[in-house]
Amino acid sequence: QVRLVESGGGSVQAGGSLRLSCAASGYTYSSDCMGWFRQAPGKEREWVGSIYAGGGSPFYADSVKGRFTISQDNANAKRVLSLRMNSLKPEDTAKYYCARDRVLRDGRCPSDASRFRYWGQGTQVTVSS
């Protein structure tokens with residue numbers, strides 16, 4: 001089992017920045033994929049970006065590319081995934097979730113929420129205009 005606990009989020013004006021963190025515990029592997037998703041009221045859960053736990057460059061949805069940055073800190077047995085969000089827009093308002101699971105059989109990191117078994121509790125981000 002894997003437990004993910006998120007922190008951060010809050011309310012900010014358009015153009016502002018926020019940082020989310022997601023701490024993992026339990027049975028995690030360097031071959032895992034970690035992702036950030038968001039869900040606005042009345043909308044489906046949307047993929048934001050992902051990174052391989054073993055390293056490598058993160059990859060992002062077009063809607064956040066250039067504004068959001070995913071990073072991870074595995075030093076000293078910490079397993080913390082972060083999402084730095086800059087130049088926030090009102091349309092970024094949503095509940096944000098971190099997710100983690102094994103990579104697909106072909107080694108790819110999925111962007112489909114249904115492919116992730118482990119989820120954080122979610123944290124609200126509200127951007128006002």
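This is a predicted model: local features need pLDDT of at least 70, side-chain atom pairs count only at pLDDT 80 or more; totals for chains, interfaces and linings use all residues.
A residue counts as buried under 20% relative accessible area, as exposed over 50%, and as partly exposed in between.

F59 sits in strand β6 (residues 59–60) and pairs with W47, which belongs to strand β5 (residues 46–52) and lies 12 residues away in the chain. The two ring centres are 6.1 Å apart and the planes make an angle of 40 degrees, so this pair is tilted. Over the whole structure, the search turns up six aromatic pairs. Elsewhere, ring pairs join F37, Y97, F116 and W119 into a cluster.

Turning to the strands, four of them make up an open sheet in the order β1-β3-β8-β7, and the pairing is antiparallel. The edges are taken by β1 (2–8) and β7 (68–73), each of which pairs on one side only. Leaving direction aside, neighbouring strands of this sheet are turned against each other by 20 degrees on average. In general, strands of a sheet pair through backbone hydrogen bonds, in either a parallel or an antiparallel way. For β1 and β3 (residues 18–26), the antiparallel pairing runs over seven bridges. Within this pairing, L4 stands opposite A24 of β3.

A disulfide is a covalent bond between the sulfur atoms of two cysteines. The count here comes to two disulfides. One of them joins C22 and C98, with the sulfur atoms 2.0 Å apart. This bond ties together distant parts of the chain, since C22 lies in strand β3 and C98 in strand β9 (residues 94–102), 76 residues apart. The torsion about its S-S bond is about 60 degrees, so the C22 and C98 disulfide is right-handed. Both C22 and C98 are buried.

The other joins C33 and C109, whose sulfur atoms are 1.4 Å apart. C33 is in strand β4 (residues 32–39), while C109 is in the loop between β9 and β10 (118–119), and 76 residues separate the two. With a torsion of about 70 degrees about the S-S bond, the disulfide of C33 and C109 is right-handed. C33 and C109 are both buried. When the bonded cysteines of the protein are numbered in sequence order, the pairing reads 1-3, 2-4.

One more residue deserves a look, namely T123 in strand β11 (residues 123–128). Is T123 buried or exposed? Its relative accessibility is 11%, so T123 counts as buried. A polar atom of the T123 side chain lies 2.8 Å from the backbone oxygen of G8. Leaving out residues up to four places away in sequence, T123 touches E6, G8, G9, L20, A94, K95 and Y96.

Conventions: Residues are numbered from 1 along each chain as its sequence is written. Side-chain values use heavy atoms; hydrogens and water are left out. Two strands pair if DSSP finds at least two bridges between them. Helices (H or I, at least four residues) and strands (E, at least two) are DSSP runs, numbered from the N terminus. Axes are lines fitted to C-alpha atoms, for helices over the stretch in contact, and angles run from 0 to 180 degrees between N-to-C directions. A disulfide is a pair of cysteine sulfur atoms within 2.5 Å. Buried means under 20% relative accessible area, exposed over 50%, partly exposed in between (1.4 Å probe, protein chains only). A polar contact is a pair of N or O atoms within 3.5 Å; within protein, one must be able to donate a hydrogen and the other to accept it, and residues adjacent in sequence count only if both atoms are side-chain atoms. Contact means heavy atoms within 4.5 Å. Rings of Phe, Tyr and Trp (its six-membered ring) pair if their centres lie within 6.5 Å; planes under 30 degrees apart count as stacked, over 60 as edge-to-face and the rest as tilted.
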